[in-house]
Amino acid sequence: MTEMRWDVAPGDRPTIPVSEQKASSGFLVYTLGLLLAVILTVTSFWVANTTAIWAPGVPAGLAVLAIAQMGVHLVFFLHITTGPDSTNNVLALAFGVLIVFLVLAGSLVIMANLNENMMPHTELMNLQMQR
Amino acid sequence: MNVAVEMDAVRQGELLDISEAGPAPKRIIAGFGFWIFLLSDIVMFSALFASYAVLAKASAGGLTGVQLFDQRNVAMETALLLLSSYTCGMMSLAINSRRYLATFLGAVVTFLLGAAFLALELREFQGMIALGATPERSAFLSAFFTLVGSHGLHVTVGLAWLVLMMVQLSLRGFQDVVVRRLHCFSLFWHALDIIWVLIFTVVYLMGVLP
Amino acid sequence: MTLLGKLDWSAVPFDQPIIMGTVGGVAVAIVSILSWVTLKGYVPYLWREWITSVDHKRIGVMYIVLALVMLLRGFADGIMMRTQQAVAAGGAQGYLPPEHFDQIFSAHGTIMIFFVAMPLVIGLMNFAVPLQLGVRDVAFPTMNSISFWLTASGVLLTNVSLAVGEFAKTGWFAYPPLSELQFSPGVGVDYYLWSLQISGVGTLLSGVNFVTTILKMRAPGMSYMRMPVFCWTALASNLLIVAAFPVLTALFAMLLLDRYLGFHFFTVDAGGNAMMYVNLFWVWGHPEVYILVLPAFGIFSEVTATFSGKSLFGYRSMVLATMAICVLSYTVWLHHFFTMGASASVNAFFGITSMIIGVPTGVKVFNWLFTMYGGRVRFTVPVLWTIGFMVSFVFGGLTGVLLALPAVDWQVHNSVFLVAHFHHVIIPGVLFGCMAGYNYWFPKAFGFKLDERWGKAAFWCWFIGFHLAFMPLYVTGLMGMPRRLQHYDVLSWQPWLLVAEAGALVILIGIICQIVQLVVSIRHREKLRDTTGDPWNGRTLEWSTASPPPAWNFAVLPRVDELDAFWAHKQRVLAKQELPVRRHAYRPIEVPKNSPVGFVTAFVAVVTGFALIWHIWWMAGFGVLGAAVTLLAFMFRTKDEVEIPANEVGLFDRAHPVEVSP
């Protein structure tokens with residue numbers, strides 16, 4: 001059975017058989033990924049500490065940078081691409097992301113709402129969350 | 001008489017869609033299975049993240065994040081873990097081309113960087129506890145130590161796994177099962193760095209915003 | 001701290017006759033069975049063929065045996081509660097003191113959900129999915145064994161709590177602050193938490209295993225839209241396991257940290273937030289019920305199509321409905337705590353999503369009805385369970401739509417109306433489905449059918465008994481009766497509760513009928529023998545194997561060209577358009593090797609869990625060490641496969657031809 005294997009394990013480089021991958025092309029991919037990640041990380045730290053950005057926008061900026069960093073990891077280190085050989089892996093990831101989003105967003109909205117209605121509002125004791 | 005038709009006898013050379021090609025090879029099965037497990041682990045972390053987010057301001061009169069978090073330390077931890085992800089990638093390349101020395105070198109450097117990350121984190125925890133900011137002090141601290149501590153625990157398990165894999169590699173060489181397991185390790189290690197991105201962003205950076 | 005932590009003789013409830021009687025009886029039964037097995041020399045056979053087996057068929061059977069045994073305990077808890085409530089009205093106090101009653105309703109829920117429904121469903125999926133997919137085993141057979149044995153560990157720990165210590169008195173969700181150390185200082189909640197944490201790991205690993213198997217291991221030619229519907233529902237269910245169980249793991253870890261290390265996630269002081277427990281519990285809890293019911297829906301699809309002699313109506317819409325339910329089940333969880341204090345807008349959102357989720361289920365019901373319409377329906381036992389389901393589940397689901405309205409829910413939340421609702425969907429849904437599956441696949445697993453007459457008697461007893469037991473609860477719920485009452489003063493509830501008690505007794509007769517069915521079937525197994533492998537004139541690939549199938553399932557993996565491939569092949573053979581292939585050459589087949597890893601893991605888990613519950617730290621340390629050693633032994637094992645020689649494969653294959661008859 002030597003039919004062409006189109007499927008790829010998560011983390012494997014897509015399409016090109018392992019034996020034909022040039023060592024240098026792999027090296028480039030990882031190095032580029034590292035550089036991008038470093039840039040994004042440094043930027044995150046700067047955004048959190050600078051006064052140059054409008055304060056209410058900072059959390060959003062940090063979130064965007066975090067998502068970008070995760071994307072860099074997924075693409076450059078984990079080789080998750082949109083090719084036809086990677087469909088299962090991408091779908092699984094998408095499912096995971098959906099669940100994480102539902103759990104996080106759902107819980108945050110619900111808890112904020114519940115806390116607002118149900119937790120004691122005291123200025124003296126720091127018991128309740130203010131988000 | 002048998003119902004089953006010989007696979008060889010029919011449709012030789014036909015290009016099959018991947019969904020029709022029969023059971024996948026072991027490497028893909030192992031890799032995908034581990035990928036699904038990693039996704040479940042990420043869901044677990046999201047539950048811990050949700051708890052942290054809900055309890056982040058519940059310091060019960062004790063020390064808060066603004067007072068406790070040291071950004072320089074976090075920056076160093078981030079750099080160490082990110083670099084260790086990179087060296088893990090180098091190790092993966094060495095495994096792909098079956099080079100023993102490069103594999104071991106990549107593993108050693110990854111291990112050292114990961115261990116340094118843990119050392120910094122333990123020192124940070126120790127410092128907080130010395131100030132009375134123990135996990136039993138407040139809900140915020142419980143959530144912080146659990147979330148960040150869980151990540152650290154995963155890193156510890158990863159380091160132990162790496163050591164065991166190097167032992168197995170030296171005993172068995174690049175056998176299929178060893179290569180599959182090393183591949184799963186690298187998936188694990190990269191995923192841990194992804195979780196760390198979220199931790200340093202949400203816990204430390206957002207945590208010290210005014 | 002003494003050498004045995006918190007454990008001493010006062011842990012055994014010598015002063016409680018009911019418990020001591022039960023423990024004594026169970027101990028006698030266990031010792032008798034173990035002695036009989038040993039004296040008859042069955043131990044080597046059991047060890048080799050079952051305990052260390054990594055074969056999905058054997059593991060599936062073991063799951064179901066475990067579940068059916070625990071059904072007896074869970075049902076005993078249930079009938080004890082019914083009896084208590086039937087008598088404890090007004091001045092009468094009943095026979096169960098509150099502290100005991102509280103443990104009973106907590107254990108009843110925990111056991112029925114985690115140790116009856118889950119193992120039944122997972123066991124049936126274990127047995128049938130690889131056969132239906134046309135492959136030899138699941139993706140990770142050894143891990144499959146570990147999953148089973150971890151579930152068994154949870155079962156053992158929970159049952160040990162009856163004899164040594166106590167169980168949780170918090171109800172099966174264990175809400176804080178009641179479940180915190182301050183208000184539950186005993187070991188009960190710890191038994192609950194550690195049992196479920198341990199079995200939860202097993203379940204999660206099962207989820208990973210089956211998602212991988214279904215997505216990456218199917219017979220050649222079996223594209224997604226040629227998979228049996230049961231495999232689609234198994235996929236959806238296992239995706240939900242992977243998505244939901246980690247949340248429960250994190251949640252229980254947080255409660256354990258609160259109880260063991262004094263953390264403050266859910267405590268009343270230092271900033272804890274008990275409402276967050278409720279939120280995260282139901283983030284898991286709602287998908288859990290879909291984890292249970294989706295495979296049951298799959299079984300109904302298989303049974304309906306097979307016994308109507310028609311292909312399932314609307315295959316595509318079934319698949320879409322299944323995957324829709326999978327995703328939607330993650331958007332409704334707040335309906336479990338409408339009354340906790342969220343605003344009207346939040347409640348309304350979840351009320352709407354809770355109603356939307358009824359739609360794909362409705363699609364499925366119509367598809368089943370349209371499958372039966374125009375078919376020649378054979379009223380076998382699985383079909384009876386299916387029709388019983390269709391009739392009952394629709395009404396149970398309707399009460400769910402009622403409850404989805406926050407305004408209505410506010411009136412009946414935590415009343416027995418709610419209890420009636422969820423039993424009205426779980427029993428006809430999950431339990432009837434598993435009974436149908438059990439009767440349907442039994443001949444495949446053991447080579448002989450189950451007795452039809454006793455099967456029908458069992459069904460009717462269950463169907464009538466279930467309705468008698470639970471319909472009165474709708475009435476008393478609307479009359480204001482809360483759930484979990486050990487005693488009540490409203491005498492007008494009592495007549496209804498007496499009817500409910502009668503229902504429980506009818507169900508008991510049904511269970512006895514099922515036990516008799518099994519005994520009679522084993523006695524008459526030669527008369528009931530399935531010689532062809534296809535006792536029902538089935539449609540899917542499992543019926544193309546011998547009954548029971550060999551370890552390797554298929555001598556050659558079948559090539560699949562369409563949906564219901566086996567049925568299509570049979571039709572073509574009958575129409576003389578196709579000749580069955582006569583095979584001359586067989587190849588050796590590699591099957592996974594047996595492994596004691598699962599059993600050893602269970603032993604270690606039980607020791608560790610027990611030690612942690614009773615704060616015996618040195619023993620817990622040994623347990624963790626044992627786990628590490630087991631892992632190392634597994635990691636460094638040299639042989640994980642065994643080769644079946646080609647002539648053995650050939651001998652079996654030629655001895656078990658598939659007979660196609662009109």
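A search of the whole structure finds 14 salt bridges over all chains. The structure is a predicted model, and the account below passes from the contacts between chains to single residues and side-chain pairs.

Chain B meets chain A through 55 residues from chain B and 55 residues from chain A. About 4800 Å² is buried between chain B and chain A, and carbon and sulfur atoms give 76% of that area. On the chain B side, the residues that lose the most area to chain A are Trp35(B), Val54(B) and Tyr86(B), which together account for 13% of what that side buries. Across this interface of chain B and chain A there are 0 salt bridges, while 4 residue pairs are in polar contact, both residues being at pLDDT 80 or more. The elements of chain B that give two or more residues to the side touching chain A are α1, α3 (71-96) and α6 (176-205). Helix α1(B) gives the most to that side, with 14 residues. By class, the side of chain B that touches chain A divides into 37 nonpolar, 14 polar and 4 charged residues.

Chain B also touches chain C. This contact takes 51 residues from chain B and 60 residues from chain C. Between them, chain B and chain C bury about 4700 Å², with 67% of it on carbon and sulfur atoms. The count of salt bridges between chain B and chain C is 2. In one of them, the side chain of Arg226(C) meets that of Glu20(B), with an N to O distance of 3.7 Å. The count of residue pairs in polar contact between chain B and chain C, both at pLDDT 80 or more, is 10. On the side of chain B that touches chain C, α1 (26-55) and α5 (139-172) of chain B each supply at least two residues. Here α1(B) gives the most, with 17 residues. The residues of chain B on this side comprise 32 nonpolar, 10 polar and 9 charged.

Helix α5 of chain B also holds Val155(B). Is Val155(B) buried or exposed? Its relative accessible area is 0%, and Val155(B) therefore counts as buried, the cut-off being under 20%. Leaving aside residues up to four places away in sequence, Val155(B) touches Gly114(B), Phe117(B), Leu118(B), Trp189(B) and Leu192(B). One of these neighbours, Leu118(B), is 37 residues from Val155(B) in sequence, yet the two C-alpha atoms are 7.6 Å apart in space.

Chain C contains a pair of strands. Strand β1 (residues 589-592) of chain C and strand β2 (residues 641-644) of chain C pair in the antiparallel sense over 4 bridges. Within this pairing, Pro592(C) has Glu641(C) of β2(C) as its bridge partner. In a regular strand the side chains alternate between the two faces of the sheet. In β1(C), Ile589(C) and Val591(C) form the covered face, whereas Glu590(C) and Pro592(C) form the uncovered one.

Several salt bridges lie within chain C. The side chains of Glu166(C) and Lys169(C) meet at 3.4 Å, N to O, and Lys169(C) is partly exposed, with a relative accessible area of 31%. Another salt bridge joins Asp561(C) and Arg559(C), at 3.7 Å, N to O. Of these two residues, Asp561(C) is partly exposed at 33% relative accessible area, whereas Arg559(C), at 14%, counts as buried.

Glu562(C) forms a salt bridge with Arg572(C), the closest N and O atoms being 3.2 Å apart. Which parts of chain C does this pair tie together? Glu562(C) lies in the loop between α16 (494-523) and α17 (565-574) of chain C, and Arg572(C) lies in helix α17, so the pair ties together parts that are 10 residues apart in sequence. Glu562(C) is partly exposed, with a relative accessible area of 27%, and Arg572(C) counts as partly exposed at 25%. Elsewhere in chain C, salt bridges link Arg48(C), Glu49(C) and Arg58(C) in a network.

Technical notes
Residues numbered from 1 in each chain as written. Chains lettered and ligands numbered in written order. Predicted model: local features only at pLDDT ≥ 70, side-chain atom pairs only at ≥ 80, totals over all residues. Heavy atoms only, no water. Contact = heavy atoms within 4.5 Å. Buried area = accessible area lost by both parts, 1.4 Å probe. Salt bridge = Lys/Arg side-chain N within 4 Å of Asp/Glu carboxyl O. Polar contact = N/O pair within 3.5 Å; in protein donor to acceptor, adjacent residues only side chain to side chain. Nonpolar A, V, L, I, M, F, W, Y, C, P; charged D, E, K, R; others polar. Buried < 20%, exposed > 50% of the residue type's maximum accessible area, 1.4 Å probe, protein only. Pairing = 2+ DSSP bridges.
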